[in-house]
Every structure is written in C-alpha cells, then in structure tokens.
Amino acid sequence: MADWSQLPRDLLHLIAKRLKTRIDLLRLRSICSSWRSSIALTPKQHRHTPIPTTDDSKFILSLDLSVHTVYLIESQQEGSPPKRWLVKVFEDQHGRMHLLDPLSSSKVVGFDNLLLDLREFKVFELCQEHVLHRTAMYGVHEPWRSRPVVEVDKVAFMCVGPENNDFALVTPHRDGGGGGLAFFNSRIQQWITIGSHPATSSCIAVTHFEGKFYAVDTKGRTISIDQFLDSKVVTNLGSDAYMKYLVEAGGELLVVEAYLPFPNAEGLIGSESHRGLCIDYFEVSKLNKEGDKWVKVNSLGDWVLFLGIYSSFSVLASELPGCKGNCIVVTQPRWKEFNLDGHDTYVVELESGRSGPLENYPDFSKLLFPGDMGTSST
Amino acid sequence: MALELKSSDNKIFEVEELVAVQSETIKSLVEDGCADNVIPLPNVDSKTLELVLDWCKNHVDMKLDEEKLKEYEDKFIEVDQAVLYDLLLAANYLNIKDLLNRACQKVADMLKGKTPEQIRETLNIVNDFSPEEEEEIRKENLWAFEE
C-alpha cells in the first residue's frame, strides 16, 4: 500500500522543484506532518526592494521596486459549478496584503476584513507586475507643495545572473528624458539611459519577453534590449494609435494599438461630458519569429487580453467560466474636474467590434475579485 | 550478455545487459564485476520490476525515435497513484534518471493547483496535524487584506 506521507525527503524535494510557484510549495507544507518538516518555507523574493536613484534627482527621497501578483483562484462548493476569480495582490514590506484591481492596480477598498484561507481554493499564479514607487519632494521653492508625493511608474523586470539572484529593470524616462528608457542592473546598482528618441515621442509600453526587454513609443518605434544592453530595432507600427500595450499570449509577444475615433479625441477620454469607452477600435500584431517585425493578427482565438495601466496579461477563455475568447478587457481613466477620479473598465469583443462597460458583461465582471463574493469575512 | 535480477518476492527476471544498465545502480555492479550471479533487488517487487524493465527495454529499442519514445513515456506514466509511488521509489533505488524525472513530473502535474484536501484525497494521505500546527498552517495560508 503506497504511503505517500512516508515519501523519502529527497524524492519530495525533486517533486517540489518542479512546482514553479511559492503557493504550490505552501500547499505541500499543508498536507501532513512529515511533508511539512521536509519542505522549508522559502523567503519571498524581491517583494520590496529599494533602488538607488539617479544622480541628478535631488527631489527623489526613495525609489522602491514592488511586485503585484495576479492569481486565478477557484472555489468549489458541493453541488454547484466551480467559481473563479482573478485576484491581484500586493504584499508590502511589512507583510501586509493589499487587494488591487487587476487592471488599474489601484487599491480595492470598501470591504470589511476580507480573509481568504487559500487552502479552500485552487490557486494558479498567472503573472507578476512590477512597479516603481517613487517618493519625491517637489516644490522646494513652493512651500505649499512641500509634502512628499508617491508616484507609481511602470517597469519591466527580468531575472538575470547565473542563479537568477540579480535582476534588470527598464522603465520609461520621466519628465524630459526625451522618450528614452532608463535601464538598471541590480549587480551594477546604477541607472543607465538608453535609446533617447526625439523629444516628440515618449515610451509608453515596456515588457519582458523571452529574455529581452521590449519597449514601444508613441511614434510606434519598438526596440528590444537584452541584459547586456544589446538592442535591436523592430519595424515600425504607425504613430496614429492613441495607446499601445505589450502583452504575452500563447508564447507570443503581442502589441495592441488603441485608436480613437478622430484626432484630438484624447481630451474626451474619461471626461465627465463623455462617459463611455472612447476607443474606436483595437489592432493587434504579433512579433515574428526573427523578432524584427510586427505582423498583424486577425483574431486572438481563445485568448482574452487584460490591458492594465502598468502591465497587461492574457488568459484563455476556457479558463474563465462563461467568458468568450477574442476579447479585450481594458481600463480607462475617469476624470472629474481635471482630477483623476478612478478608472472604468470595458470589455471589447474583437470579432464584432461591440464593446461596453464591464457591468454589461456579468461573466467578466464577476471574475474580477471580489466580484460576487460579497464582503463578509470567511 | 544476459543478467539475472531477483525481485523482493523472489521472482527472477532475465534481462539483456544493455537494457539493465539503464539503471546506474546495476551498471556499477556490472562494472565492479559483481553481476555474475543473480542480482538481488530487495527493494523492488516483481510487479514494479516488470514495469521498470519494460521502460528500460523500450528506451533501448526506441532510442533513435524521439516522437515514438515520448508517446510511449506519456502512456507509460498514466498509472494510478499506488503504482506511481512504487515506480518513484524503484527509479530512485535503481537510479534510472529519465524514469525518475518523468515520475516526479507526473506527481507535480497531479498536484499543481489542487487544494491540500484534494491532494490528500488523491494520494490517500491522512491529515495528522496537531491543533497548534493547524493554526500555524492556517496563518501561513491566509490572505488577510488590509482595508
């Protein structure tokens, strides 16, 4: 009779090595006493990492790299079909867990003590999003602005080094960087400016794909950069798209271009006078095998793209109960009297071109945690 | 050259040396000149040994046909958890790297994403934690979201 609880420690380790995520290891530790004592809890990596700032940033008090993780969780109650949710989680440097909106990454509030015992769910880690929290003290000469301000920047992250203990970052240059990128290597502990384009363009999307960073700017220029700063140009997209997103789906790198109905329609985005999705249509292209050209894609097949503020991810519709493939879920800022007043999420069906607010697509809206789970504590 | 292997339940298997030395353990015995008589394998029963030898034989026969070999491996490893357990232990004891890797991967695939309760059910493991350990585990698996 096979007694798995007596599985020799080294065999258990061989199996554990094949489980990619920390959550899976935590599960093994929750099975029985002997397994628990055989598997050590690994410390979380790169949860919150201070990063040195550039030399000429007199106003920057601190720069920290944070990780947000997106999970697909499933709970099954007796006699009813399984329910699934997309959950984006941020664990801060004090170990406190924060629930974030999967697309805007803004903190979800308005619930009382939401507790999840992960043992009651199937948990699949989908992807990680990295952001830079920049605490700056502007307005040295303007006393009324003298409180520290925290800004969040999108950043692409890649593990480097023989043991993957080091990392590299690429982030679009802020304020006057002229559309270039800033590159950081944790071993060298210094920022390097690369690819400064004419000041008329700025980098709007960065991502990491198959060992390289990719960045695309407003003019549609795309470059790839590896950890040794070798760069390669990818043939242009046009410059008419209002927004571009980089996302991986099915082992391929995609770029999604969002077009507005007419020029200068940016002013309408999320404005009080014009609620609703301002984007007229999306075009999707994929990177060819040689990595030097974007090729138009007509359909996403079974994939659903979630296009967020800082990063994007993809999930197969077959993994999302009731949801159709070939759809895009995208978020748009909402403005109230010139202040950012949150985000609105829309679903776009690429085949028909139809779109609507998330509430019109209940199968999608109940996916985004807490969805229809309610706010009572478990 | 044929070798004779004896399972824990005293069944004798006659095997080609080329097939048997897929096991690093048996290979060392052959190289040390200890394989003239019957080689006893007290840690492997006949049922499991038969399966293991089938794996080894097919890995010799299909060495050059990667696709056919993969098809064979995928079918071979579709066994119930009790047989998988015996295969794991046998592959480890006999030091057959590719069988060990494949078996470990199969277990990992079986466990991925499952809840602890489902894993215990799948592998017939009893929850033997003390109340203190249960509380510790609950905390380890808890997401308590800050408002």
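Visitor: Which residue stands opposite Ala2(B)?
Guide: In this predicted model, Ala2(B) faces Glu16(B) in strand E2(B). Strands here are DSSP runs of E with at least two residues, helices are runs of H or I with at least four, and both are numbered from the N terminus.

Visitor: What makes E1(B) and E2(B) a pair?
Guide: Two strands pair if DSSP finds at least two bridges between them. Strand E1 (residues 2-6) of chain B is joined to E2(B) by five bridges, and the two run antiparallel, so by that rule they pair. Their hairpin has five residues between the strands, and Asn10(B) takes a positive phi near 60° there.

Visitor: Which residues of E2(B) are on the covered face, and which on the uncovered one?
Guide: Phe13(B) and Val15(B) are on the covered face of E2 (residues 12-16), while Ile12(B), Glu14(B) and Glu16(B) are on the uncovered one. In a regular strand, side chains alternate between the two faces of the sheet.

Visitor: How are the residues and chains labelled, and what was counted?
Guide: Residues are numbered from 1 along each chain as its sequence is written, chains are lettered from A and ligands numbered from 1 in the order in which they are written. As this is a predicted model, local features need pLDDT of at least 70 and side-chain atom pairs count only at pLDDT 80 or more, while totals for chains, interfaces and linings use all residues; side-chain values use heavy atoms, with hydrogens and water left out.

Visitor: Why are H1(A) and H6(B) called roughly perpendicular?
Guide: Helix H1 (residues 9-17) of chain A and helix H6 (residues 97-111) of chain B pack at about 65°, with axes 8 Å apart. Axes are lines fitted to C-alpha atoms, for helices over the stretch in contact, and angles run from 0 to 180 degrees between N-to-C directions. Angles under 35 degrees count as roughly parallel, over 145 as roughly antiparallel, 65 to 115 as roughly perpendicular and the rest as oblique. H1(A) and H6(B) are therefore roughly perpendicular.

Visitor: Which residues meet where H1(A) packs on H6(B)?
Guide: Leu11(A), Leu14(A) and Ile15(A) meet Leu100(B), Cys104(B), Val107(B), Ala108(B) and Leu111(B), where contact means heavy atoms within 4.5 Å. Ala, Val, Leu, Ile, Met, Phe, Trp, Tyr, Cys and Pro count as nonpolar, Asp, Glu, Lys and Arg as charged, and the others, Gly among them, as polar.

Visitor: At what angle do H5(B) and H6(B) cross?
Guide: Helix H5 (residues 81-94) of chain B crosses H6(B) at roughly 145°, and their axes come within 9 Å. Their contact has nine nonpolar, two polar and one charged residues.

Visitor: How do you know whether His130(A) is buried or exposed?
Guide: Buried means under 20% relative accessible area, exposed over 50%, and partly exposed in between (1.4 Å probe, protein chains only). His130(A) has 7% relative accessibility, so the residue counts as buried. His130(A) lies in strand E6 (residues 122-136) of chain A. Leaving aside neighbours within four places in sequence, His130(A) contacts Leu65(A), Ser66(A), Val67(A), Val155(A) and Phe157(A). Buried residues make up 51% of the 378 residues in chain A.

Visitor: What makes E20 and E23 of chain A edge strands?
Guide: Five strands form an open sheet in the order E20-E19-E21-E22-E23 (chain A), with mixed pairing. Strands E20 (312-316) and E23 (355-357) each have a single partner strand, so one side of each is left without a neighbour in the sheet. The twist averages 25° from one strand to the next.
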